[in-house]
Amino acid sequence: MVVHVGLLPLSSSCLPSLPRLPRLSSTKHRTFAMAVVSEDPVREWILSEGNATQITRISPVGGGCINRASHYDTDAGSFFVKTNRSIGPSMFEGEALGLGAMFETGTIRVPKPFKFGPLPTGGSYIIMEFIEFGSRRSNQSVLGRKLAEMHKAGKSEKGFGFEVNNTVGSTPQINTWSSDWIQFYGEHRLGYQLQLALDQYGDSTIYEKGQRLVKSMAPLFDNVVIEPCLLHGDLWSGNISSDKNGEPVILDPACYCKLKLVQISVCCRIDHLKSNCVANC
């Protein structure tokens with residue numbers, strides 16, 4: 001049995017060879033770069049590198065509580081744009097790199113990211129593919145199989161972590177690379193969240209109990225072969241949908257490289273989503 005509890009870096013060495021996303025300008029990470037600030041960088045990109053000559057309609061899209069979302073209709077197709085007036089480009093950089101990493105596995109549908117950058121009056125934006133969602137949820141067993149395929153395809157040679165820190169919602173997530181899964185999870189996941197809770201609420205009892213858990217994790221992984229693979233990182237019902245053909249779509253990731261357990265008999269649990277992962281269990 002192979003259980004994917006997912007993770008992955010963005011280096012080309014750990015991703016399958018698939019067509020690259022549009023190269024929009026000189027890049028810092030893969031094909032993405034922070035845009036030079038203009039009066040309306042979203043409109044500027046759509047009417048240049050987005051190959052549109054006119055924007056015919058801009059419609060608000062509901063459902064999010066952190067960012068403002070819009071659907072741009074153009075004569076070259078549709079684009080999905082998110083903006084945030086109070087958070088800088090680093091949040092959308094993490095999202096763009098995560099979407100790009102999942103897209104390049106060629107396993108499950110995600111919106112293709114095109115560009116992110118700062119807004120002239122403060123804040124940031126991201127432009128991505130617009131996917132028309134269907135009226136029904138995707139088949140859960142298909143979703144489970146495609147997630148498992150993504151975990152298998154997204155291998156990491158750098159260990160556990162990601163190219164940049166990102167966010168779960170608006171909560172920071174530290175992704176410093178580590179070759180040791182127990183150390184990474186204890187320090188950058190459980191330990192970091194425990195520290196945030198202590199700083200926010202001052203509850204030392206929970207913090208101390210959590211630290212005892214961190215220190216006692218190692219025996220849980222005795223005699224287990226651990227390999228890092230790509231994880232969506234924030235998979236819940238609000239970040240799952242389906243396209244108009246009923247194929248599953250996942251979005252709003254907080255990607256990082258997490259463990260894949262090999263040669264261990266446990267029930268399959270993918271991306272914290274209880275699915276029938278019959279293809280890999």
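In which sense do strand 4 and strand 6 pair, and over how many bridges? They pair in the antiparallel sense, over six bridges. The model shown in these views is predicted.

**View 1. Strand 6 and its partners, strand 4 and strand 5.** Strand 6 covers residues 124-129. Six of its six residues are buried, so the strand is largely enclosed by the rest of the structure. Strand 4 spans residues 77-84. Phenylalanine 80 has methionine 128 of strand 6 as its bridge partner. Strand 5, residues 113-118, runs antiparallel to strand 6 and is joined to it by five bridges.

**View 2. The hairpin of strand 5 and strand 6.** Five residues lie between the two strands. Glycine 122 takes a positive phi here, near 105 degrees.

View 3. In one of them, the ring centres of phenylalanine 79 and phenylalanine 114 are 5.9 Å apart. Their planes meet at 75 degrees; edge-to-face requires over 60, so the pair is edge-to-face. Phenylalanine 79 and phenylalanine 114 are both buried.

**View 4. An aromatic cluster with an arginine over one ring.** Ring pairs link Phe160, Trp181, Phe184, Tyr185 and Tyr256 into a cluster. Arginine 189 lies over the face of tyrosine 256. The distance to the ring centre is 3.9 Å.

**View 5. Cysteine 255 and cysteine 257, without a disulfide.** How many disulfides does the model hold? The count comes to zero. For cysteine 255, the nearest cysteine sulfur is that of cysteine 257, 8.5 Å away. A disulfide needs the sulfur atoms within 2.5 Å. Cysteine 255 has 0% relative accessibility, so it counts as buried. Cysteine 257 also has 0% relative accessibility and therefore counts as buried.

**View 6. Helix 3, residues 140-153.** The helix has 14 residues. At 1.5 Å a residue, helix 3 should span 20 Å. Its end C-alpha atoms are 20 Å apart, which agrees. Which residues of helix 3 are buried? They are Leu143, Gly144, Lys146, Leu147, Ala148, Met150 and His151. In an α-helix there are 3.6 residues a turn, so residues three or four places apart point the same way.

Notes: Residues numbered from 1 in each chain as written. Predicted model: local features only at pLDDT ≥ 70, side-chain atom pairs only at ≥ 80, totals over all residues. Heavy atoms only, no water. Buried < 20%, exposed > 50% of the residue type's maximum accessible area, 1.4 Å probe, protein only. Helix = DSSP H or I, 4+ residues; strand = E, 2+ residues; numbered from the N terminus. Pairing = 2+ DSSP bridges. Expected span 1.5 Å × (residues − 1). Phe/Tyr/Trp six-rings, centres within 6.5 Å; stacked < 30°, edge-to-face > 60°. Lys NZ or Arg CZ within 6 Å of the ring centre and 35° of its normal.
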